[in-house]
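Here is a short note to read beside the model. Please keep the sequence open as you go.

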Amino acid sequence: MRKNLNVIAAYSIMMGLIILVGIFQSWNIALSIFNLCLISAVMTMGANIQWGYAGLINFGIMGYTALGGLAAVLISVNPVQEAWSAGGSNILFSLFLIIGMVVAVRYVLKKYENSKIRTYIIATIIILGIITIRFVSEPGIEAIEEVDPAKTGFLGGLGLPIIFSWIVGALFAGGLAFVIGKVALGLRADYLAIATLLISEIVIAIIKHEDWLTRGVKNVIGLKRPAPYEVNLQQTDWFINLVEKFKSSKLNLISDITERQAALNQFVIEGSSVFVKLCYSGLFLVVVIILLILTQKALYSPWGRMMRAIRDNEEAANAMGKNVVKQHLLIFVLGSAIVGIAGAMLVTQDGLFTPGSYRPMRYTFLIWVMVIVGGSGNNFGAILGGFAVWFLWIEAAPIGLYLVNLTTAGLDDTHFLKVHLIESVPYFRFLMMGIGLLLIMRYRPKGILPEKIEIK
Amino acid sequence: MDLVNAIILLLNYIFVPALAYGSQLALGAIFVTLIYGILRFANFATGDMMSFGTMFTILFTWYFQSLGISLGVLPTALLAIPFAIIFMIGYMLLIDKFVFKYYRVNKSPPVQLAMVSIGVMFVTQAVVRIIIGPSDRRFFDGEKFIIKAGEFKEMTGLNEGLAIKSTQVLTIIVTMALVSALFWFLNKTKTGKSMRAYSDNEDLALLSGIDPKKIVMITWIIAGILATIGGALYGLDKSFKPFTYFNNMLPIFAAAIVGGIGNPFGAFLGGYVIAFSEILLTYAYRKFFMYVLPETMEPDGLVQLLSTDYKFAVSFSILVIVLLYRPSGIFKGKIL
């Protein structure tokens with residue numbers, strides 16, 4: 001108990017802050033912050049597995065998040081029959097061609113010794129393959145994108161409940177990580193960072209521009225929900241009764257019947273959105289707790305000890321007979337898969353998929369700030385980082401506004417400096433993140449809750 | 001005649017724009033490579049440092065414009081660049097003193113320095129957006145074209161016009177001058193040689209009496225000059241928007257690595273490799289083939305290898321291929 005005092009204190013402060021937002025701003029805002037904090041926590045756990053456990057830099061978090069989001073679309077949207085009949089066969093045939101190409105390349109890699117001729121053969125296979133695939137897929141893609149472009153214009157998904165996409169998102173992201181890991185894991189740390197950053201940009205470019213699969217920048221809206229809809233809730237009896245019970249003390253103060261009814265309606269509308277957010281919170285909390293238990297178990301298992309050994313001294317671990325390359329690949333896939341879950345959760349909560357919104361600042365660098373600030377190598381630290389940084393990211397604007405008003409109190413309201421500063425309040429969050437990161441890196445390089453390994 | 005038309009077409013749409021874009025990337029890539037070679041970390045704040053320098057150029061341009069000073073046909077920004085460079089160098093040295101120095105003295109691993117540069121990136125981005133705002137800004141004035149497409153057509157009687165923007169010529173001339181001066185400095189002067197020695201082998205350089213503080217300071221000064229001029233030229237040619245500059249960091253990194261990181265000449269050529277491959281692979285060659293091929297063989301489609309949406313993806317794919325097959329870059333930089 002004593003040892004964990006700082007963990008408990010840090011989390012209590014965090015929850016206290018969110019509750020304060022609930023009291024002073026509104027419960028709606030507090031809960032939406034809380035939900036995104038939970039999603040951020042899942043992302044930071046993924047990044048923490050890679051960076052904290054194994055010392056691998058992955059700046060491709062954005063790419064895995066987007067793939068998770070794509071999974072949500074592909075799982076939950078109903079299939080577009082017309083599009084399938086228009087161009088489905090071409091797409092499927094192209095898919096077979098891609099598989100054939102990969103198999104051919106693998107065959108050449110195995111069959112021939114490493115030589116110039118082998119490189120040329122592989123290059124020929126790839127170039128010829130790409131050209132044939134383009135010829136096969138182009139008419140199909142055009143046909144698909146012409147099917148009612150204002151509403152669909154893409155193949156749609158499987159029409160399953162969106163919850164399944166959380167697992168599929170993990171599979172997608174893990175699969176991508178496997179390919180990237182095979183290619184890039186041999187690189188030195190900072191090159192791995194650059195390479196993963198660039199690859200994630202390629203992933204986003206593909207998601208943005210392959211309209212037949214993702215609708216691209218036209219966005220997919222109105223995804224299915226695992227939680228009830230507000231409009232439906234507002235008409236169900238048990239929910240109205242629940243709200244009435246909850247707010248009975250306030251409602252009893254109003255004597256006039258019509259006024260009472262109006263107030264009740266207002267409470268029901270507010271309550272419904274809070275209730276929906278609570279449903280999400282519950283779902284997300286379950287994911288976070290399951291992942292936390294698993295990652296904690298892993299951290300203290302022999303496998304976790306081996307990972308730390310590899311992180312701290314690769315050569316020594318190698319000499320002890322540990323397969324460093326294989327373990328690096330494994331942890332790269334695992335961490336990315338967790339980020340993929342978070343990506344699917346995010347799209348589930350928003351109910352829409354907007355490829356244009358994936359930007360490295362928000363989905364890669366911010367997550368890294370969370371991990372570093374919270375404490376890399378410590379799961380509780382990483383989660384706390386996710387909470388604290390996201391909270392600050394959202395509340396930075398009000399805080400910035402307050403600070404601007406405070407410092408420019410002596411100035412006239414129309415003074416150009418004051419007007420300019422108030423206009424630029426949204427950018428204070430970048431400033432706070434940067435300064436926070438720099439301070440933590442300098443004075444507490446292990447993060448708020450540093451890594452503490454006890455041998456049990 | 002058709003052949004001449006075809007060549008003019010390629011010059012107009014591929015060669016001239018790629019040369020200008022490549023020069024802008026090259027300056028950035030040399031900036032990245034110098035920091036990497038001498039200070040030994042991947043600087044993720046590259047794009048934002050460039051936008052910081054450009055911001056000062058714009059502010060000075062506005063100031064000069066308000067005073068009524070102009071360079072006639074040339075953009076006023078040229079006059080503003082030297083002043084902007086002074087501010088930029090000040091900013092760089094300030095960052096170094098308060099942020100990077102601590103980690104350098106403690107001999108922190110490069111990864112930690114890269115993380116710190118992310119902090120600098122956040123702060124710089126915030127400062128730029130707070131001072132000048134996130135919107136798109138054009139600060140070009142003076143004569144826009146050296147040759148207009150219409151005039152060219154009249155002059156030569158060809159079907160295809162060749163338009164050369166003055167900013168494109170300006171970019172190429174300034175880049176060539178700056179890069180030659182830089183290579184002269186690195187190869188012929190004593191300070192330049194000691195910088196290269198320091199980059200090659202730090203311990204040996206220290207043993208032979210090279211002052212690391214001076215080397216670091218000069219590196220930041222050169223970096224400040226490169227970042228400001230590179231950023232300002234890009235802004236003159238296209239436009240200034242903080243977010244675009246942040247994104248430009250990616251092809252710049254690609255150029256530096258393709259050229260062999262730590263090798264300034266490689267970075268210089270890498271910029272052109274990236275620019276040309278981006279534009280060559282995404283250009284629609286339909287019109288070109290219409291001129292070259294006989295009428296019966298004219299192509300139906302656009303004859304475009306990749307859609308222009310994948311412009312960035314091209315440079316990154318090149319990077320990935322280079323990393324796989326020649327990890328030290330095309331022109332032999334440091335071994336990764």
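1. Start with a term. Buried means under 20% relative accessible area, exposed means over 50%, and partly exposed lies in between (1.4 Å probe, protein chains only). A:Arg215 has a relative accessible area of 7%, so A:Arg215 is buried.

2. A word on the ground rules. This is a predicted model, where local features need pLDDT of at least 70, side-chain atom pairs count only at pLDDT 80 or more, and totals for chains, interfaces and linings use all residues. Residues are numbered from 1 along each chain as its sequence is written, chains are lettered from A and ligands numbered from 1 in the order in which they are written, and side-chain values use heavy atoms, leaving out hydrogens and water.

3. Look at the loop between α8 (211-214) and α9 (230-233) of chain A, where A:Arg215 lies. Helices are DSSP runs (H or I, at least four residues), numbered from the N terminus. A:Arg215 is not a glycine, yet its phi is positive, about 70 degrees.

4. A:Asn219 lies in the loop between α8 and α9 of chain A. Its phi is also positive, near 65 degrees, and it is not a glycine. Is A:Asn219 buried or partly exposed? A:Asn219 is partly exposed, because its relative accessibility is 23%.

5. Now move to chain B. B:Ser277 sits in helix α11 (residues 264-282). B:Ser277 counts as buried because its relative accessibility is 14%. Its side chain reaches the backbone oxygen of B:Val273 at 2.6 Å. Beyond neighbours within four places in sequence, B:Ser277 is in contact (heavy atoms within 4.5 Å) with B:Val314 and B:Ile318.

Technical notes. Helices (H or I, at least four residues) and strands (E, at least two) are DSSP runs, numbered from the N terminus. A polar contact is a pair of N or O atoms within 3.5 Å; within protein, one must be able to donate a hydrogen and the other to accept it, and residues adjacent in sequence count only if both atoms are side-chain atoms.
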